[in-house]
Amino acid sequence: MLQLDHAILIGAYLAPNSAACDIASTLDEWVGATGEHTPLVIVGDFNEEPCFGERWNHISGFGGTCAVCNQNGVPQPTQWSGTRCIDWIWASHLLTIDKVRFEDVWFSDHKPVCFSLQYSQSHVWSFKAVQTRKWTAPPNVSVQEWKNALKTPWSEVTVPPVSNTNQEWSDFCHIAERAHLSALETCGATVPRPSRSRNKGSEFQVEAANARTFRIAQQATFKELRLRKLLGRIAEAQNQQSRDRQPPAILIRRIFSHPFVVREGLQSLGEAREWAQQELRSHVQSTQTEQLQAWRERMRNSSAKPLGCVAQPPDAMGGQVPTVWKSIRQILLQKPNAKLRDTDHALPAKDLRPIAIQSVIWRAIASAWTRRPQTRAWVTSWVHSSACGGIQGKSVAHAVDRLLQDFEKRQGKVVVFQKRLPAAASAGRHFDPSGRRHQPFDSSCSPHWPHRPGVASKA
């Protein structure tokens, strides 16, 4: 789905089987939830004639389908060796679709359908948050030189008079800001411009953002993508055979000319599918092992140290903290397969995942507080021996090591742990991808939190 200001462009694919019903139902809900002032365009391979789009005409009360037609207005076949028009466009506002045509290229066994989207919106206002200035040393300045540059401004600082917590936090931010700017000038570094950042402790600000495009980082390896694409082509060919249809010649040719199939000398679709599935499982397993090993190395080499300005633990502060420390910015992300309510066409809370961002100062305070001898003695008096993280001598790296060892011992079973353990991991519950079953939970791993079904997640 692509949103262009108020217009929404949806790319869809309906498989030629019963599974398409779920996708069509989802499209029905989106069409029903879209207002008459929001142009909606659905384009894709529907594996149905354009008359299939009449269902959305009835749902929305307006709209229609567009396809490449001949001089008599008859939709043309969209497959090079086909006889049906299965690639077309449905638009809630037909006047926005113009110049529907074929491109004279091969896209699998389909002819690409191209069109122009006519939309009157010429400028869209968008905004982004202004980031606070970073109190870090310039990259071309040595650590010792930076420390010497900070000594002078901090030595001239006088303690502000006692006031309320919010004012004291604001005064500290101003003092630290002046010291940082003074150190930058001493080192001859570039001073940040106010339009690019804002002072620490200042009010939240936004600025106009220029439109841009970006590409989401690909997590899968190139080999995994090729294997999945090969499996998709094999599944499509076998699906055509199961319906007593002859798979397109170009599809069969691309399957058996695939480098993997040629190298292994595979002679049938069944052999190719079985080999590709096994190869994909082995490749994903090895990739996950490498990622766990890299994660373990990062955890071993990382060290979270408290800031030098934190002198007192929270319990010595009388419960008084600046308001900005307690403020949270939260957004709600839609979960996969979320469904709109029939009553108000809104998403229920259970289909949303809240993501919150709080002040980083809390991490520094927690680090300082857990390093006190009194805190460590209190933690060891009740925490279980298997817990890791926030405990002296038992970092999260120990939990990662345990996860990796458990993963390797069971040869492909994915280790999972309870979500209710915030900074600890237990390697007692295992998930078998082939059988989709959970093995018995070892209560010795985490007895101080009772286990409940449904609170485990994949690591």
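A crossing of two helices is left-handed if the near helix is turned anticlockwise from the far one by less than a right angle, and right-handed if clockwise. The model you see is predicted, so local features need pLDDT of at least 70 and side-chain atom pairs count only at pLDDT 80 or more, while totals for chains, interfaces and linings use all residues. Residues are numbered from 1 along each chain as its sequence is written, and side-chain values use heavy atoms, leaving out hydrogens and water.

**The whole chain**
- The protein chain has 12 helices and 15 strands, which are DSSP runs numbered from the N terminus (helices: H or I, at least four residues; strands: E, at least two).
- Of its 459 residues, 31% are buried, meaning under 20% relative accessible area with a 1.4 Å probe, protein chains only.

**Two packed helices**
- Helix α3 (residues 143-155) and helix α4 (residues 165-187) pack at an angle of about 130 degrees, with axes 8 Å apart.
- The crossing of α3 with α4 is right-handed.

**A residue in a loop**
- T96 sits in the loop between β5 (87-91) and β6 (97-102).
- T96 counts as buried because its relative accessibility is 11%.
- A polar atom of the T96 side chain lies 2.6 Å from the backbone oxygen of H93.
- Apart from neighbours within four places in sequence, T96 contacts S116, L117 and Q118.

Notes:
Axes are lines fitted to C-alpha atoms, for helices over the stretch in contact, and angles run from 0 to 180 degrees between N-to-C directions. Buried means under 20% relative accessible area, exposed over 50%, partly exposed in between (1.4 Å probe, protein chains only). A polar contact is a pair of N or O atoms within 3.5 Å; within protein, one must be able to donate a hydrogen and the other to accept it, and residues adjacent in sequence count only if both atoms are side-chain atoms. Contact means heavy atoms within 4.5 Å.
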